[in-house]
Amino acid sequence: MSTSKKYTNNLSKESSPYLLQHAHNPVNWEAWNNEALQKAKEKNKLILVSIGYAACHWCHVMEHECFEDEEVAATMNAHFINIKVDREERPDIDHIYMDALQMMTGSGGWPLNILALPDGRPFWGATFVKKQEWIQVLNQLQQLYIDDPSKIIGYAENMATGLKEINAISTGKDDGLVKSSEIDDIVENWSKYFDTFLGGYKRAPKFMMPTNLHFLKYYSHAKNNDAVSEYVDTTLTRMAWGGIFDHVGGGFSRYSVDTKWHVPHFEKMLYDNGLLISLYANAYAATKNELYKSVVEKSIAFLEEELLDKSNGFYSSLDADSITDDNKLVEGAFYVWQEKQLQQLLKDDYPIFSDYYNINSYGYWEEDNYVLIRDGDALEIAMKHSITKIELQEIIVKCLSLLKNEREKRNRPRLDDKILTSWNGLALKGLTDAYRYLEDEKYLSLAVDNANFILHNMLTQEGGLYRNFKNGKSSIHGFLEDYASVIDGFIGLYEVSFDEKWLNLSLDLTKYVIDNFSDPDTGLFYFTSINNDNLIRKTLEVADNVIPSSNSMMAHNLHKLSKYFPEDNFDVRLHNMMQSMKSSIIENPQNHANWLHLSQLMSEDFYELVVIGENFELICRTLLKNYLPNAIFAASNAKISNLPLLMNRYVMNKTLIYVCNHGSCQMPVEEPSKALNLVTSNI
């Protein structure tokens with residue numbers, strides 16, 4: 001039975017779009033807060049925690065089948081303290097209960113539904129559950145808690161112990177770091193899983209895994225490994241050709257359900273697109289492949305048009321589902337096309353367009369719908385139709401413009417308009433890389449505006465960061481991933497603007513992290529502040545997934561900052577982290593790609609490129625557009641600077657380039673080509 005707004009629960013007081021979606025369920029939902037947790041303890045009631053996010057298709061389905069249903073609500077309200085969590089606002093809670101679900105069932109996903117003791121220790125979990133099964137299991141477990149509470153308590157105690165054990169870091173006894181030869185062996189074993197024809201791994205669904213590809217692109221460059229380079233380029237090309245990329249409006253969806261990157265799970269997330277903009281910009285720098293440049297341009301256009309708030313923060317996501325003409329909520333409805341529609345819209349250009357984007361059995365999805373996908377070189381299609389490649393591209397651009405105008409008439413997917421600090425940091429880094437390698441001033445302007453948004457809205461009075469921003473307010477203190485990604489973004493912005501404000505902010509935030517997030521045993525950082533005590537575990541997030549882990553991002557930040565600020569001993573902290581992680585990296589390398597990336601960087605020469613003098617901007621522009629992943633940049637025209645790399649290096653009427661390695665510098669040169677030769681001669 002569906003319900004209207006005749007019900008209102010405490011989620012109506014929240015700002016998260018996902019929580020507000022549930023504000024008129026008949027379930028007596030609470031947000032995760034001290035009051036709700038205290039109520040569970042005082043009333044000795046089990047806690048029902050349901051975790052999801054606004055763009056989650058199956059979360060909507062379970063809401064409709066269960067949480068909007070009065071019979072279900074009566075069961076939940078009678079026996080449980082019901083807590084709804086937006087996993088994007090509270091990844092700290094999601095980490096713990098997702099680990100619990102995977103321990104219980106061997107798999108995970110959202111919606112993530114957990115039953116826990118009044119103190120938060122979990123004992124049962126599931127993802128999507130149908131109405132009658134949901135009611136049945138809730139009644140059975142509540143009755144068991146009444147009849148034999150020791151059984152549930154014992155299971156919860158074991159689970160709590162297990163949750164701490166699986167998050168422990170086995171530091172080992174080896175004092176060394178991961179060696180270059182060990183990385184070679186890792187990549188060789190890893191390559192057995194590569195799909196060298198369609199890209200990605202030999203399986204479905206296919207996730208894009210930008211962190212892995214970023215490492216492999218760099219590894220192939222550092223080692224002159226043609227096979228790995230070809231694999232990465234195949235993957236990047238197939239992803240850009242696939243339906244997972246929105247050819248009409250730009251931007252990537254989360255993943256494809258098939259092996260050829262064709263049919264996506266249509267939600268579009270800020271974090272995916274921030275990471276992929278950075279990846280494709282770097283790949284363009286390394287290859288000068290115009291396809292990669294186009295992907296960057298279209299993806300940034302998507303961010304501007306769809307996710308940019310007037311305050312210059314970026315929203316979180318677009319939903320997978322949208323309303324069809326017959327008023328049904330359907331996944332992908334906004335993005336798919338039918339053959340007759342395309343014929344009517346494109347007229348004489350349809351035959352060329354249909355060949356280019358496979359309006360045939362290759363591009364067919366379901367129910368007469370097609371998802372646009374490329375599968376061949378443009379020149380072959382141009383020759384088939386007796387036109388030039390340039391003429392073909394002009395026709396495709398015209399067709400896509402027509403489709404975009406037509407698509408604007410459709411009901412749009414729902415927008416999750418909360419602004420998350422960490423995801424904005426990832427977008428900021430993507431924009432700085434795009435400006436660096438594509439040299440479009442608009443991208444620098446977007447990056448500076450976004451960085452200023454973070455600076456003016458997300459900093460706490462204590463010098464830390466907030467997690468979220470909605471309706472002019474922030475309600476949650478930042479997690480490690482917020483600091484890690486913003487520090488990375490600010491360093492990236494310094495390296496293209498050379499405004500020392502951003503580098504100094506990176507330094508301040510890093511010191512704040514060390515003071516407030518440090519684990520004294522491993523040298524790593526907790527995901528939550530050491531002052532946070534209302535969770536059953538202090539999580540150490542170290543495994544790299546679609547988004548690199550917060551600890552690996554911080555390790556990269558420390559690596560760069562140790563070059564900019566050698567007197568702060570960041571290199572000592574970094575060395576301790578890498579030692580703590582060595583066994584984990586070697587035992588499970590695919591889940592530690594960002595750590596592998598840093599291990600490779602630390603195993604070879606890493607350069608500081610310092611440009612100082614009146615013409616520093618022109619020289620830096622010439623240098624920066626090159627793919628130089630094993631270097632940082634510092635530059636100024638000032639005679640006096642407090643930045644260690646710039647001190648005592650100004651020479652009147654000259655612009656000098658210093659190429660340094662571990663603080664030891666070559667004789668300065670004045671021509672960018674000579675500086676590049678000094679960096680690339682050892683590769």
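Which residues does Arg90 touch, not counting residues up to four places away in sequence? In this predicted model, local features need pLDDT of at least 70 and side-chain atom pairs count only at pLDDT 80 or more, while totals for chains, interfaces and linings use all residues. Residues are numbered from 1 along each chain as its sequence is written, and side-chain values use heavy atoms, with hydrogens and water left out.

Arg90 lies in the loop that runs between strand 3 (80-86) and helix 5 (91-105); helices (H or I, at least four residues) and strands (E, at least two) are DSSP runs, numbered from the N terminus. Beyond residues up to four places away in sequence, Arg90 touches Trp32, Val85, Ile476 and Phe479, where contact means heavy atoms within 4.5 Å. Arg90 counts as buried because its relative accessibility is 14%; buried means under 20% relative accessible area, exposed over 50%, and partly exposed in between (1.4 Å probe, protein chains only).

With a relative accessible area of 59%, Thr196 is exposed. Its contacts, residues up to four places away in sequence not being counted, are Tyr231 and Thr234. Thr196 and Thr235 are separated by 39 residues in sequence, and their C-alpha atoms are 7.9 Å apart in space.

The largest nonpolar core comprises 189 residues, and those with the most contacts inside it are Trp134 and Tyr280. A nonpolar core is a set of buried Ala, Val, Leu, Ile, Met, Phe, Trp, Tyr and Cys residues joined through side-chain atoms within 4.5 Å. Helix 11 (residues 270-287) gives the most to this core, contributing 11 residues. When neighbours within four places in sequence are left aside, Tyr280 is in contact with Leu236, Met239, Ala240, Phe252, Tyr292, Val295 and Val296. Another core, of 22 residues, lies apart from the largest one and has Ile47, Ile96, Leu112 and Met159 among its members.

Trp134 also takes part in a contact between two helices. Helix 4 (residues 70-79) and helix 6 (residues 131-147) pack at an angle of about 20°, and their axes are 10 Å apart. Axes are lines fitted to C-alpha atoms, for helices over the stretch in contact, and angles run from 0 to 180 degrees between N-to-C directions. Helix 4 is therefore roughly parallel to helix 6, a term for angles under 35 degrees. Glu71, Val72, Thr75, Met76 and His79 of helix 4 meet Lys131, Gln132, Trp134, Ile135, Leu138, Asn139 and Gln142 of helix 6. By class, this contact has 5 nonpolar, 5 polar and 2 charged residues. Ala, Val, Leu, Ile, Met, Phe, Trp, Tyr, Cys and Pro count as nonpolar, Asp, Glu, Lys and Arg as charged, and the others, Gly among them, as polar.

Helix 23 (residues 593-602) is mostly covered, with 9 of its 10 residues buried. The buried residues of helix 23 pack against helix 8, helix 9 (210-223), helix 21 (550-564) and helix 22 (570-587). The axes of helix 9 and helix 23 are 8 Å apart and form an angle of about 25°, so the two helices are roughly parallel to each other. On helix 9, the contact is made by residues including His214, Phe215 and Tyr218, and on helix 23 by residues including Asn594, Leu596 and His597. By class, the contact of helix 9 with helix 23 has 7 nonpolar, 6 polar and 1 charged residues.

Methods:
Angles under 35 degrees count as roughly parallel, over 145 as roughly antiparallel, 65 to 115 as roughly perpendicular and the rest as oblique.
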